[in-house]
Amino acid sequence: GGTMLLAAGIYPMFIAAVAEISTLRFRPRSIILLATVFGAAALAILLLAGAVRTLVINHRWIMYSLFIGLTLGGVPLVWRLARPASLGLCLGAVGGFLLMLLLNSLQSGDVGGENNLLLFLSGLAGASAMILPGVSGGYLLLLLGQYETILGAIDTLKQGLLGGAGLNVALQSLSIVAPVGLGVLTGIVGVSNLIRWLLHRFAKPTLGVLLGLRRRRD
């Protein structure tokens, strides 16, 4: 998400547009940009959630390798923004690396299940993919043990709305989709304003954290 926006050259405009909308400033240009990005993202999620979940279950290591390859391509983009190296950049990279170690330790514990708080946090993680270049929300969902659960619920909701799974089944899936969606909305608004402020005041350490998050995953 964020890496693709950066590669397409619209990342600064996207961050600014989210910040404007979240502070109740509605410019037509910002509204059109966000409607295009979020509309395309929603369409891709609805159409591909079931297929991707099946592939992750049946061809796990192929899909994991694909995820790593997709995110590796974003390293030069983040480094281009971060260079030259500085103390703040290095400290930020170490901090990001330690954060990913913490998340990895959570994966080793019992973080699975379907409680609302964890689903909300998973939504926040998913939002990070759209906002933070160099961070994979999908990877964070895998660490939290919620990736397949969320994709399955989205696919069930789609099938229910289209008449394939039944309306009652679709409504049951909302118990997963709703807290995740609330987390995504909160994350997009909160993280976009936070990252805009951090990049403005602490650019090097912030970019270092993004590099550190990547390094642990790769």
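Which residues does Val177 touch, not counting residues up to four places away in sequence? Val177 touches Ala153, Ile154 and Leu157, where contact means heavy atoms within 4.5 Å. This is a predicted model, in which local features need pLDDT of at least 70 and side-chain atom pairs count only at pLDDT 80 or more, while totals for chains, interfaces and linings use all residues. Residues are numbered from 1 along each chain as its sequence is written, and side-chain values use heavy atoms, with hydrogens and water left out.

**Overall fold**
- The chain has 11 helices and zero strands. Helices (H or I, at least four residues) and strands (E, at least two) are DSSP runs, numbered from the N terminus.
- Of the 218 residues in the chain, 38% are buried. Buried means under 20% relative accessible area, exposed over 50%, and partly exposed in between (1.4 Å probe, protein chains only).
- Take the contacts between residues at least 6 apart in sequence: 74% of them join residues at least 24 apart.

**Surface**
- Accessible areas come from the Shrake-Rupley method with a 1.4 Å probe; for residues, only the protein chains shown count as cover.
- Val94, Phe97, Leu98 and Leu101 form a nonpolar surface patch, with about 340 Å² of accessible area together. Patches are made of residues with over 30% relative accessible area and no salt bridge; nonpolar side chains (Val, Leu, Ile, Met, Phe, Trp, Tyr) are joined within 5 Å, like charges within 9 Å. A salt bridge is a side-chain nitrogen of Lys or Arg within 4 Å of a carboxyl oxygen of Asp or Glu.
- Phe97 sits in helix H6 (residues 87-108). Phe97 counts as partly exposed because its relative accessibility is 34%.

**Ser122**
- Helix H7 (residues 116-131) holds Ser122. Ser122 has 1% relative accessibility, so it counts as buried.
- A polar atom of the Ser122 side chain lies 2.8 Å from the backbone oxygen of Leu118.
- Not counting residues up to four places away in sequence, Ser122 touches Leu141, Leu144, Gln146 and Ile150.

**Val177**
- Val177 belongs to helix H10 (residues 167-201). With 21% relative accessibility, Val177 counts as partly exposed.
- Val177 and Thr149 are 28 residues apart along the chain, and their C-alpha atoms are separated by 9.7 Å.

**Confidence**
- The chain averages a pLDDT of 77, and 81% of the residues score at least 70. pLDDT is the predictor's confidence in each residue, from 0 to 100.
- Over residues 108-113 the pLDDT is below 50; this stretch has 11 contacts in the model beyond near neighbours in sequence.

Conventions:
Polar contact = N/O pair within 3.5 Å; in protein donor to acceptor, adjacent residues only side chain to side chain.
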